[in-house]
Amino acid sequence: HIYAQQAGEGPVSTSFDFVNNPLLTLSGPVKEIGKLKKVREEAFGSDVKYFEQQVDFVQTVKLKGKVKTNLAGKVEFMVCNDKQCLPPSTVDIKVPVGE
């Protein structure tokens, strides 16, 4: 599973850091589309929120004109299974947007 953006105390929450791009503006926060689970994890001693198997993180953008550009940045996340967690990872992302 991968933790939500507001995962709770203990795990590293999923977070996004977008590069400023003068050709677009971000419209609202990143949305999570998937089945959110909230459970008590004894390893952290707290309630945590995560998604199993699949989740879509969606950032809506507004383009400044009829242009092609990219939404670029980094995503930090932590994944676990029922036995262990991997250390948090940060991955570069680049998504083409526009015509």
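Visitor: Is C80 buried or exposed?
Guide: C80 counts as buried, because its relative accessibility is 7%. Buried means under 20% relative accessible area, exposed means over 50%, and partly exposed lies in between, using a 1.4 Å probe and protein chains only.

Visitor: What sort of model is this?
Guide: This is a predicted model, where local features need pLDDT of at least 70, side-chain atom pairs count only at pLDDT 80 or more, and totals for chains, interfaces and linings use all residues. Residues are numbered from 1 along each chain as its sequence is written, and side-chain values use heavy atoms, with hydrogens and water left out.

Visitor: Back to C80. Which residue forms a disulfide with C80?
Guide: C85 does, with the two sulfur atoms 1.9 Å apart. A disulfide here is a pair of cysteine sulfur atoms within 2.5 Å. By that rule the count is one disulfide.

Visitor: Which hand does the link have?
Guide: The C80 and C85 link is right-handed, with 105 degrees about the S-S bond.

Visitor: And why does C85 count as partly exposed?
Guide: Because C85 has 35% relative accessibility.

Visitor: New topic. What is the strand order in the open sheet?
Guide: The order is β2-β9-β10, three strands with antiparallel pairing. Strands are DSSP runs of E, at least two residues, numbered from the N terminus. Two strands pair if DSSP finds at least two bridges between them.

Visitor: Which strands are at the edges?
Guide: β2 (15–18) and β10 (89–98), each pairing on one side only. The twist averages 30 degrees from one strand to the next. Axes are lines fitted to C-alpha atoms, and angles run from 0 to 180 degrees between N-to-C directions.

Visitor: How many bridges hold β9 and β10?
Guide: There are 10 bridges, with β9 covering residues 68–77. K68 has G98 of β10 as its bridge partner. V75 stands opposite V91 in β10.

Visitor: What about β2 and β9?
Guide: Four bridges join that antiparallel pair.

Visitor: Which residues lie nearest the centre of the largest pocket?
Guide: H1, E41, C80, N81 and D82, out of 13 lining residues. A pocket is an open set of points on a 1 Å grid over the protein atoms alone, where a 1.4 Å probe fits, with protein on both sides within 12 Å along at least five of seven lines; lining residues have an atom within 4 Å of a point.

Visitor: What is its volume?
Guide: The largest pocket has a volume of about 150 Å³. Volume is the space filled by probe spheres set on the points, which are joined across faces, edges and corners.
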